[in-house]
2 protein chains.
Amino acid sequence: MATTVVESKEWYMAAYAPEGVLTSDHLKLRSVTLSLAGDSIPDGHAVIETLFISVDPYQRTRMTGMQDGLYFSQFNLDEVITASSIGRVIRSKDNNYKEGDIVLNPFSPIADYCVVPSKSLIRKIDSTSGVPLPDYLSSLGVPGFAAWVGIEVLGEPKAGSNVFVSAAAGAVGMYAGQLAKLKGCRVVGSTGSDEKVKIIKDDFGYDDAFNYKKETDLDATLRKYFPDGIDIYFDNVGGEMLEAVLNHVNKHARIPICGMISQYKKKWTDRDGVRNLLNIVGKEIRMEGFLVGSYLDRFGDFAKEMESYIKEGKISSKYTIYHGIESYLESLGSLFTSTNIGKVVIEFK
Amino acid sequence: MATTVVESKEWYMAAYAPEGVLTSDHLKLRSVTLSLAGDSIPDGHAVIETLFISVDPYQRTRMTGMQDGLYFSQFNLDEVITASSIGRVIRSKDNNYKEGDIVLNPFSPIADYCVVPSKSLIRKIDSTSGVPLPDYLSSLGVPGFAAWVGIEVLGEPKAGSNVFVSAAAGAVGMYAGQLAKLKGCRVVGSTGSDEKVKIIKDDFGYDDAFNYKKETDLDATLRKYFPDGIDIYFDNVGGEMLEAVLNHVNKHARIPICGMISQYKKKWTDRDGVRNLLNIVGKEIRMEGFLVGSYLDRFGDFAKEMESYIKEGKISSKYTIYHGIESYLESLGSLFTSTNIGKVVIEFK
Ligand SMILES: NC(=O)c1ccc[n+]([C@@H]2O[C@H](COP(=O)([O-])OP(=O)(O)OC[C@H]3O[C@@H](n4cnc5c(N)ncnc54)[C@H](OP(=O)(O)O)[C@@H]3O)[C@@H](O)[C@H]2O)c1
Ligand SMILES: NC(=O)c1ccc[n+]([C@@H]2O[C@H](COP(=O)([O-])OP(=O)(O)OC[C@H]3O[C@@H](n4cnc5c(N)ncnc54)[C@H](OP(=O)(O)O)[C@@H]3O)[C@@H](O)[C@H]2O)c1
């Protein structure tokens, strides 16, 4: 019989960090004791033991204390922060969930254990299917879906289209390029280290890739990698790279904007001004921002297609796996220092 | 019987003006003598007497000596410059055209008379239809069509949508707002004089309008005129106004970009940098540049709709009419000093 209390560590927001690097002054870890006694769990709730946490760039934008342009609300001071998680039900006061169920919670407290309303659990996972659990946070989760929406719904890829993907060795980027390749496109990616340039070509099958940190003239770089111009730019970074791209787009190019990570830790008035938007007129460009939450009616189509690619061995995934809740601050930082490869997750225990 | 020669004045490009105001150092007028003798006109050509010339902002972008982002080629030095015109055929070496035909030439030499390949004449106009000839350069020409493409094709207007139009008293702007009103939208326009603010409301039926030159804080201005945010921004000006709008757009707003006149007389690296593009992601904005030339397959739909509005008295037009070819330099300048009202044309003779 299980114990009736558990000790759980959780991260909470101690102070906002409008700009720059997030430290242990801003995010702090504390221990709480949760009672598992039946009468201490409200009806319609479940107690979850966290197995994996997804570490995502947008979380940083909820820690600035400002409205930032991504429109996720700020975390409240002194409250536990959230992330999407995969966990195991260890107690349940909802007949739809039983002990041992594996569940996905898109806004789970970042904690070893938590008591949550069961309606916040959006998905029950069949853990006998052979799919590794972290895949539900990566290829079959938000990053894969974001790549699919950007490339397949908004990008209108055709065989031979010239596709550029920034942050191409990251969670979303690795899938964006692979999906475009599967549509017959020529795909080039950018990233922040030589090691990742190699991975983009060797593991993700991009036609080419470059390390933008070593390039002194992005204009010349794009001219070299795109002698025939760019038809689709899958934007993960914004700022300087977007400006450079706008000088190399072809007529009627599409720019699905998935994110602008280079702009997340700045007040908007300090952000990079993009000066050549006039090209949007002359080249008749369609630039469109999207959030996966607005495309949930297409999730089924996506999952079907992605699952079949995975079965056929046509999509590969890389992970940077951190261990234990203590690693959250470091793992989040890795997204902003180009040190992660592929999808960043924390494995608990 | 007509004389066999005519004296014709024409404007030619003497020197490029990368920035600032265009003067008689850049554009010069010269006289040439054209022979009308039958054997001096090549087969498949016609001699045209100019009746009206359309004066358009994009012409300025062909006089900078730089590639500018609108991608119309630069006028060649010492060569006559062009504009769209309505003219009368006075000699013809093509059986499809006869003396007296009224024709539209989208890239006519700006000259009293000219000899042109008849295939450059895209449209024969029925001058007995009762439609005033300048309307073919305005409501039923490029400005009306640009307004229609931006509002009806790209804008997706719905009853009650909040629509903002910049340069709203200009040729395109006056129609953009009226078309949006006809779709049941709430429409506000901006312009550069109090006189035009009144015209926008009284003649074009906008719900409201303001003089942006008197506003010191565009952010506060837009908050005041759009308490419920902006659903469609029909952009004619770019730059600062676009940046201000991006702080007031609603979720899933559309921004058809027709032009960016505030940016036409600058090197791209000197243009206004727009700093808050991150809102495109958070608000899931679709921003799309367009040139009417890419929508010619829809011209018939447009013309049918516009003609019926005109017949029903639902669309009104204003003109600023200059007289004589000598006025070209001044008339072009008026587009950049906020002095024109409605469509600018030059009436010859
Ligand atoms: N729209 C949506 O619904 C949605 C969903 C998920 C993610 N996103 C967005 O998609 C983008 C990628 O997210 P992800 O989860 O896949 O993260 P990720 O790419 O795995 O990690 C972020 C990467 O961004 C790059 N980066 C960091 N700072 C940068 C800077 N200043 N300039 C250029 N690159 C920088 C780094 O890679 P390098 O080595 O290449 O520098 C880093 O590895 C982010 O913008 C994120 O916000 C959007
Ligand atoms: N995409 C296409 O196919 C297409 C076709 C036709 C025209 N266009 C574009 O549509 C726009 C309007 O053209 P139009 O022919 O209708 O000209 P217009 O609006 O009749 O004349 C230009 C107007 O722009 C405004 N303006 C000038 N400089 C400005 C500045 N620095 N900042 C803000 N506003 C300024 C002035 O009005 P205010 O009094 O309001 O300042 C001026 O009256 C232009 O950008 C043009 O290039 C595009």
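I began with α3(B) and found it mostly covered, with 10 of its 12 residues buried. The model is predicted, and I read every entry here with that in mind.

I listed the buried residues of α3(B): B:A171, B:V172, B:G173, B:M174, B:Y175, B:A176, B:G177, B:Q178, B:L179 and B:A180. I took buried to mean under 20% relative accessible area.

I then asked what the buried residues of α3(B) pack against.

I checked the length of helix α3 of chain B, residues 171-182. From first C-alpha to last it reaches 17 Å, close to the 16 Å expected at 1.5 Å a residue. After α3(B) comes B:G184, and I noted its positive phi, near 85°.

I turned to chain A and looked up its secondary structure, which comes to nine helices and 15 strands. Along the principal axes, the C-alpha atoms of chain A fill a box of roughly 65 × 45 × 35 Å.

I noted that 58% of the 349 residues in chain A are buried. Of the contacts in chain A with a separation of 6 or more, 69% come from residues 24 or more positions apart.

Last, I looked at surface and charge. Chain A has an accessible surface of about 13800 Å², and carbon and sulfur atoms hold 51% of it. Chain A carries 39 positive and 45 negative charges, and their mean positions are 2 Å apart.

Definitions and conventions
Residues are numbered from 1 along each chain as its sequence is written. Chains are lettered from A and ligands numbered from 1 in the order in which they are written. This is a predicted model: local features need pLDDT of at least 70, side-chain atom pairs count only at pLDDT 80 or more; totals for chains, interfaces and linings use all residues. Side-chain values use heavy atoms; hydrogens and water are left out. Helices (H or I, at least four residues) and strands (E, at least two) are DSSP runs, numbered from the N terminus. Buried means under 20% relative accessible area, exposed over 50%, partly exposed in between (1.4 Å probe, protein chains only). Contact means heavy atoms within 4.5 Å. Accessible areas come from the Shrake-Rupley method with a 1.4 Å probe; for residues, only the protein chains shown count as cover. Lys and Arg count as positive and Asp and Glu as negative; His and the chain ends are not counted. The place of a charge is taken as NZ of Lys, CZ of Arg, CG of Asp or CD of Glu. The expected span of a helix is 1.5 Å times one less than its number of residues.
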